[in-house]
Amino acid sequence: ALVAPILFLLLFGIIEFGRVLNYYNDLTQLSGQGARAAVVNQNPDGSTAGSANADCPEPATGGLTIQCQIAKTYPTDQELKNGISVCIGSLQPNGTITASTPGSIAVGAPVTVRTKYKYSFVTKLFGFGSITLTSTQTERNEGTQSWTGGNVNGPNAPAGQTACTP
């Protein structure tokens, strides 16, 4: 009876740590995938940047198909798919990412992709309700940019969440 609370605390702590690490690894993979797609000027699915797929019809996303595919097609977990934010553009010294228009990022200039997700703890262990997980990837642009920068949120992302701000 004396050891059980400590054992359960340790067990649930390990479970929560594993879940947080899994979500962070997913965000890291998604930001890397988005950055690579942006610098080679293609959607993550290999189609031309700006072309639609089933999850991202062109008119609804306003040309933000790279961000849309990263947010709505590639997350492996439904919870992550619903709450993720993805931003692509130019990283500023204050940590914000400014949206770019097609052709505004020169060849060789850095392109940054940031993914953000508000993770809610299942157990509310130690009084923590949620934390914001963020991953950023920057790569050098390899060709003429035809995609539009900016932020796309998953359908259940918290109000006001944007990956364009630190």
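Guide: Before we start, one term: a polar contact is a pair of N or O atoms within 3.5 Å, and within protein one of them must be able to donate a hydrogen and the other to accept it. Also keep in mind that this is a predicted model.

Visitor: Okay, which side chain makes a polar contact with the side chain of serine 100?

Guide: First find serine 100, in the loop between strand E2 (97-98) and strand E3 (110-120). Leaving aside neighbours within four places in sequence, the residues in contact with serine 100 include Gly89, Ile105 and Trp147. The polar contact has a length of 3.1 Å, and the partner side chain belongs to glutamine 145.

Visitor: Which element gives the largest share of the largest nonpolar core?

Guide: That core has 28 residues, and Ile66, Leu80, Ile84, Ile88, Val111, Tyr119 and Trp147 have the most contacts inside it. Helix H1 (4-39), helix H3 (65-72), strand E1 (84-91) and E3 each supply at least two residues of this core. The largest share is eight residues, and they come from H1.

Visitor: Let's pick isoleucine 88 from that list. Which tryptophan is in contact with isoleucine 88?

Guide: Set aside the neighbours within four places in sequence, and the contacts of isoleucine 88 include Ala38, Ile66, Ile97 and Val111. Both Ile66 and Val111 are also among the residues with the most contacts inside the core.

Visitor: How many residues of H3 are buried?

Guide: Go through them by name: Thr65, Ile66, Gln67, Cys68, Gln69, Ile70 and Ala71 are buried in H3. The helix is mostly covered, and out of its eight residues the number buried is seven.

Visitor: How far apart in space are isoleucine 15 and threonine 144?

Guide: In sequence, these two are 129 residues apart. For scale, the C-alpha atoms of the chain fill a box of roughly 65 × 35 × 25 Å along the principal axes. From C-alpha to C-alpha, isoleucine 15 and threonine 144 are separated by 45 Å.

Visitor: What value does phi of asparagine 41 come near?

Guide: Most residues other than glycine have a negative phi. Asparagine 41 is in the loop between H1 and helix H2 (58-61), and it is buried because its relative accessible area is 18%. Its phi is positive, near 60°.

Visitor: Last one: what percentage of the accessible surface belongs to carbon and sulfur atoms?

Guide: Buried residues make up 40% of the 166 residues in the chain. The accessible surface of the chain comes to about 8200 Å², and the part belonging to carbon and sulfur atoms is 61%.

Terms used. Residues are numbered from 1 along each chain as its sequence is written. This is a predicted model: local features need pLDDT of at least 70, side-chain atom pairs count only at pLDDT 80 or more; totals for chains, interfaces and linings use all residues. Side-chain values use heavy atoms; hydrogens and water are left out. Helices (H or I, at least four residues) and strands (E, at least two) are DSSP runs, numbered from the N terminus. Contact means heavy atoms within 4.5 Å. A nonpolar core is a set of buried Ala, Val, Leu, Ile, Met, Phe, Trp, Tyr and Cys residues joined through side-chain atoms within 4.5 Å. Buried means under 20% relative accessible area, exposed over 50%, partly exposed in between (1.4 Å probe, protein chains only). Accessible areas come from the Shrake-Rupley method with a 1.4 Å probe; for residues, only the protein chains shown count as cover.
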